[in-house]
Amino acid sequence: MNNKLKFHISKRAALPWYKAWAIRGAAILAALVVCAVVTTLMTGENPISIYATIFYGAFGTARRSWVTVQELAVLLGISLAVTPAFKMRFWNIGAEGQVLIGGLATTACMICLADTLPNSMVIVCMVIAAILAGAVWGFLPAFFKARWNTNETLFTLMMNYIATQLAAYFIIVWEVPKGAGKIGIINQSTEIGWLPQIGNQYLLSILVVAILTGVMYVYLNNSKHGYEIAVVGESQRTASYAGIKVERVIIRTMVLSGAICGLMGLLLVGGIHHTLTTTVVDGRGFTAVMVSWLAKFNPIAMIFTSLLLVVLSRGAGEISSAFGLNHSFADILTGIILFFIIGSEFFITYQISVRKSAGKEA
Amino acid sequence: MNALEPVKTAIRMEHITKRFGSVVANHDINFVLKKGEILSLLGENGSGKTTLMNMLSGIYYADEGQIYVNDQPVAITSPKDAYDLGIGMIHQHFKLVDVFTAVENIVLGLKDEGRLDLKKARQRIVEICERYGFEIDLDRKIYEMSVSQKQTVEIVKVLYRGAEILILDEPTAVLTPQETDKLFAVMRNMKADGKSLIIITHKLHEVLEVSDRVAVLRKGEYIGDVQTKDASQQSLTDMMVGHAVALNIARPTPVNVAPRLVVEHLTVYDDLGVKRLNDVSFTANAGEILGIAGIAGSGQRELLEAISGLYPISEGSIRFHDPKASENAPPKELVGMDPMAIRKCGVSMAFVPEDRLGMGLVGSMGMTGNMMLRSWRKGKGAFLNRKAPEELANRIWKELDVVTPSTSFPVRRMSGGNVQKVLVGREIAQDPAVLMTAYAVRGLDINTSYTIYNLLTEEKMKGVAVVYVGEDLDVLLELCDRILVLCGGQVSGIVDGRTADKRQVGALMTRVEGDSRHE
């Protein structure tokens with residue numbers, strides 16, 4: 001008779017937190033083992049020394065540590081920006097464009113106002129312009145979503161291209177020297193519009209993002225707005241039932257999300273690079289989505305998820321030079337680790353049972 | 001088990017039991033579908049018809065019992081198994097790809113040998129349509145089709161996949177009388193061709209018109225079956241609703257009855273322009289439980305949502321008589337206000353919606369978070385006040401014996417009864433003037449049901465106007481002071497809960513449009 005085995009996937013009733021963390025821990029361990037096997041098979045190198053090199057690449061010297069933390073701050077800041085939107089189940093994959101447009105607004109202020117206003121006023125204008133530009137980039141898709149239920153994923157994605165093209169256009173307008181195709185360091189001699197340094201050149205953005213993390217944590221967990229966002233994200237019907245004005249929450253949250261992205265654009269251009277390129281955001285608008293989801297929208301946990309991704313990507317450069325490996329090799333390792341971490345959530349939510357088919361004789 | 005059945009059976013289900021948590025949806029059911037017959041599966045809402053059929057189509061798997069198809073024991077663990085056995089089910093909600101044409105939808109997901117030959121497939125589809133008399137434009141996209149055309153595509157799809165046994169889950173619920181006639185003609189053609197059909201319905205005249213045999217389920221039990229020629233509307237109603245069962249729900253005599261909510265000429269349309277409520281008028285009195293009976297989808301949901309400001313109202317008025325206002329103060333008109341506005345103007349209305357986790361509660365939050373759904377606006381400034389909701393959550397946890405590890409445990413992961421306790425507990429804690437509940441005991445075990453009945457009666461004695469939308473007539477007749485019967489969006493009668501009998505209410509419920517021709 002046909003006694004074939006059948007797998008049956010069902011939702012778990014409940015899992016105590018320590019078991020959930022045991023599953024996650026096992027996943028990371030398994031990921032490291034698989035990474036080691038892959039490393040040895042593909043390169044012949046000792047996996048331990050690869051791991052050590054990654055760590056050295058990220059924290060090997062004081063300067064490296066500072067840069068790593070600064071990179072962490074930038075990624076974390078953008079992740080914090082997209083989090084309220086995603087918590088509301090609004091698929092904002094336009095952070096890339098929102099940051100870039102903030103950076104473009106900053107650049108415009110730095111270049112156009114340098115000769116007319118004192119430095120402090122230029123900086124005030126930069127802050128306002130960057131936040132406003134990001135907010136507008138967030139507002140547009142939200143408005144259309146709230147009014148006509150347009151697809152926010154496509155809308156925010158397309159807004160990225162508009163931002164990139166605008167930036168490309170203005171880079172040519174402001175290029176220095178003519179024909180160079182890039183802006184170069186803005187106001188290099190006068191340093192007008194450069195955000196003030198605190199301690200060293202890295203600390204300002206780190207502090208801003210640290211404050212932002214705390215504020216966002218409180219905003220999401222202890223404010224009425226945060227509560228509204230959580231309810232709207234869970235069910236719009238429940239939200240209307242509770243008297244929450246869904247349209248208003250969607251628009252307000254996306255304006256906030258865009259505004260924080262704009263602020264990150266300000267930090268990138270005014271505080272870190274002092275120039276604008278179309279690739280200044282470097283895909284972090286998308287990585288941020290992953291950081292946010294991996295941390296389940298908890299700003300504190302996001303510190304660790306963004307740290308993981310930043311360390312891996314910083315280490316990648318080090319591996320490629322130290323072992324003469326392709327730069328993509330670290331991406332492979334990152335991919336494996338993420339695969340296991342995300343995959344472990346499946347085993348936390350579901351259980352797999354095996355049952356025999358009931359093909360008994362009549 | 002009768003091994004010497006003279007007619008070969010298409011389906012035989014023996015001792016089938018299916019439980020969802022503590023709720024028994026199907027209990028020890030023995031069910032037979034003969035080859036080449038049309039069988040009606042009849043039962044009230046929640047009697048377990050769809051659950052039973054879903055075990056044939058591979059959506060659920062029976063906890064106990066054995067299914068035989070063509071007298072062979074089988075295990076149907078997935079819809080694919082069902083297809084392989086020649087069982088096809090047409091669900092109430094169609095599963096079609098909107099932007100594909102009829103042909104594309106019909107061939108979708110089939111693994112034929114070699115390349116997909118659309119021409120050959122179309123040839124076969126045309127043959128099927130001609131053989132059974134389907135009228136369908138094969139190249140039209142689904143989103144351009146009417147509901148009845150979509151249903152036709154679903155049926156053709158199932159036939160194309162070689163189904164010999166067809167299960168139609170309330171196929172006529174969405175059809176006009178003319179379309180229904182057409183569907184029945186097609187069903188008879190299929191029967192003539194040797195197919196076996198099961199039709200789930202609760203419209204009695206259709207049962208009498210189309211089927212050869214009727215099987216009746218009540219509260220998850222198989223009551224029996226009769227040949228249609230030996231049945232009448234009355235005999236079927238009696239089988240369906242059963243004899244009055246004494247439940248012994250306490251029903252104290254109302255005191256200080258006064259109008260609280262006066263609804264007049266209420267008419268609403270849904271977003272497709274279909275009239276959902278038609279000139280509904282009634283008064284909900286303080287100190288009374290007003291029951292609302294009716295077959296599912298007769299406008300109960302729309303009525304409660306319209307009163308709470310969640311459904312657009314095109315005509316009519318809803319006036320609230322405030323018990324705290326002075327006697328001569330005019331009642332407040334609620335039409336045109338959203339839930340927030342209603343709340344702000346001092347009308348405390350509690351609403352336990354049918355969709356507990358999709359509307360009444362936030363599944364991912366714990367009890368405390370869900371208590372805040374009613375009180376989140378009360379915190380200081382921009383911040384939430386968690387203390388009061390936490391206290392309320394603890395109180396409900398204790399007083400209603402909610403089984404949960406903590407007040408932060410996601411309510412989605414609680415059992416149905418506990419979810420309902422959280423919801424009802426929160427709504428009652430608002431100290432409402434009007435308390436509306438939709439299917440408050442659906443899916444709950446007996447003890448929890450009684451807890452809810454007692455809570456509602458307590459509220460009534462406190463002078464609250466309680467509106468109880470229910471499906472179990474026994475409960476409605478023992479719990480409610482008056483019962484309003486809805487049928488097709490209209491009020492078909494308001495009866496006294498103490499004197500009305502089950503047959504009377506049952507008759508009012510099934511007085512469907514188009515039914516008159518059979519009476």
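Which residue in β19(B) is the bridge partner of B:Leu290? The bridge partner is B:Arg482. This is a predicted model, in which local features need pLDDT of at least 70, side-chain atom pairs count only at pLDDT 80 or more, and totals for chains, interfaces and linings use all residues. Residues are numbered from 1 along each chain as its sequence is written, while chains are lettered from A and ligands numbered from 1 in the order in which they are written.

Start with the strand that holds B:Arg482. Helices (H or I, at least four residues) and strands (E, at least two) are DSSP runs, numbered from the N terminus. Strand β19 of chain B spans residues 482–487, and six of its six residues are buried, so the strand is largely enclosed by the rest of the structure. A residue is buried if 20 or more other C-beta atoms lie within 10 Å of its own, exposed if 12 or fewer, and partly exposed in between, with C-beta atoms placed from the backbone. Both faces of β19(B) are covered. B:Arg482, B:Leu484 and B:Leu486 are buried on one side, and B:Ile483, B:Val485 and B:Cys487 on the other.

Next, its neighbours. Two strands pair if DSSP finds at least two bridges between them. Strand β13 (residues 289–293) of chain B runs parallel to β19(B), joined by four bridges. Strand β20 (residues 490–496) of chain B runs antiparallel to β19(B), with six bridges. There, B:Ile483 has B:Val495 as its bridge partner. β19(B) and β20(B) form a hairpin with two residues between them. In the turn, B:Gly488 has a positive phi of about 55 degrees.

Now move to another sheet of chain B. Six strands form an open sheet with mixed pairing, in the order β6-β7-β8-β3-β9-β10. β6 (87–90) and β10 (221–227) of chain B are the edge strands, each pairing on one side only. From one strand to the next, the twist averages 20 degrees. Within the sheet, β3 (residues 38–42) and β9 (residues 213–218) of chain B run parallel and share four bridges. B:Leu42 stands opposite B:Val216 in β9(B).

Two helices pack on this sheet. Helix α5 (residues 147–160) of chain B touches β6 and β7 (165–169) of chain B, and its direction makes about 170 degrees with that of β6(B). Helix α8 (residues 233–241) of chain B touches β3, β9 and β10 of chain B, at about 30 degrees to the direction of β9(B). Such angles run from 0 to 180 degrees between N-to-C directions, and axes are lines fitted to C-alpha atoms, for helices over the stretch in contact. Two residues are in contact if their C-beta atoms, placed from the backbone, lie within 7 Å. The buried residues of α8(B) are B:Leu236, B:Met239, B:Met240 and B:Val241. They pack against elements including α7 (204–210), α16 (473–479) and α17 (502–509) of chain B. Just after the helix, B:Gly242 takes a positive phi of about 75 degrees.

Finally, the two chains together. Their contact takes 26 residues from chain B and 23 residues from chain A. On the side of chain B that touches chain A, the elements giving two or more residues are β4 (64–69), α10 (339–344), α11 (356–360) and α12 (367–375) of chain B.
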